[in-house]
Amino acid sequence: KNLDKQEFIRGSQSAVVTILSEVKDNNFTGLKGLLSKKELARFRHEVETTWSDELRRNAEIQEEDVTHMLITDVRAQQIVQHKYLDIDVQLVANLASPTDGSPTHQYTVHATFHRNYTEGNLPDWVVTKFKLQVQTM
């Protein structure tokens, strides 16, 4: 089965934007199915215990804020008859000041997308790792 790289990059970028938007809205139930159950529990705990209120309120990014979206690693494995694919991505977005439009923060997201390619399984991607780093510019 061939994977369209550009389509994957578009879809994974859209997923990252959606995840951050749901965090901003404090809608963790909206992330079910997008993040694995284990990663959703881990990520929610991280957001609720280590993210500042300011970061949570400003977590949202727009597609046009994204400056880089890269695939950093691809891992395929087969366990007996089961085939799995993991793709690591890095997204970089620059957030601008609402007053003068100059960049104020750079968001870097590291995410792992997982898919079970086994015959007869639904070909859905799920995020198994999601990490946001914020740098003030």
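Gln 13 sits in helix H1, where helices (H or I, at least four residues) and strands (E, at least two) are DSSP runs numbered from the N terminus. The model is predicted, so local features need pLDDT of at least 70 and side-chain atom pairs count only at pLDDT 80 or more, while totals for chains, interfaces and linings use all residues. Residues are numbered from 1 along each chain as its sequence is written, and side-chain values use heavy atoms, with hydrogens and water left out.

**Around Gln 13**
- Gln 13 counts as buried because its relative accessibility is 14%; buried means under 20% relative accessible area, exposed over 50%, partly exposed in between (1.4 Å probe, protein chains only).
- Beyond its neighbours within four places in sequence, Gln 13 is in contact with Glu 63, Val 66, Met 69 and Leu 91, contact being heavy atoms within 4.5 Å.
- Gln 13 and Leu 70 are 57 residues apart along the chain, and their C-alpha atoms are separated by 9.6 Å.

**The sheet**
- Here 4 strands make an open, antiparallel sheet in the order E1-E2-E3-E4; two strands pair if DSSP finds at least two bridges between them.
- At the edges lie strand E1 (66-79) and strand E4 (125-136), each pairing on one side only.
- From one strand to the next, the twist averages 15°, with axes fitted as lines to C-alpha atoms (for helices over the stretch in contact) and angles running from 0 to 180 degrees between N-to-C directions.
- Strand E3 (residues 103-116) pairs with E4 in the antiparallel sense over 11 bridges.
- Gln 106 has Gln 135 in E4 as its bridge partner.

**Helix on sheet**
- Helix H1 (residues 5-24) packs on the sheet and touches E1, strand E2 (82-96), E3 and E4.
- The direction of helix H1 makes about 110° with that of E1.
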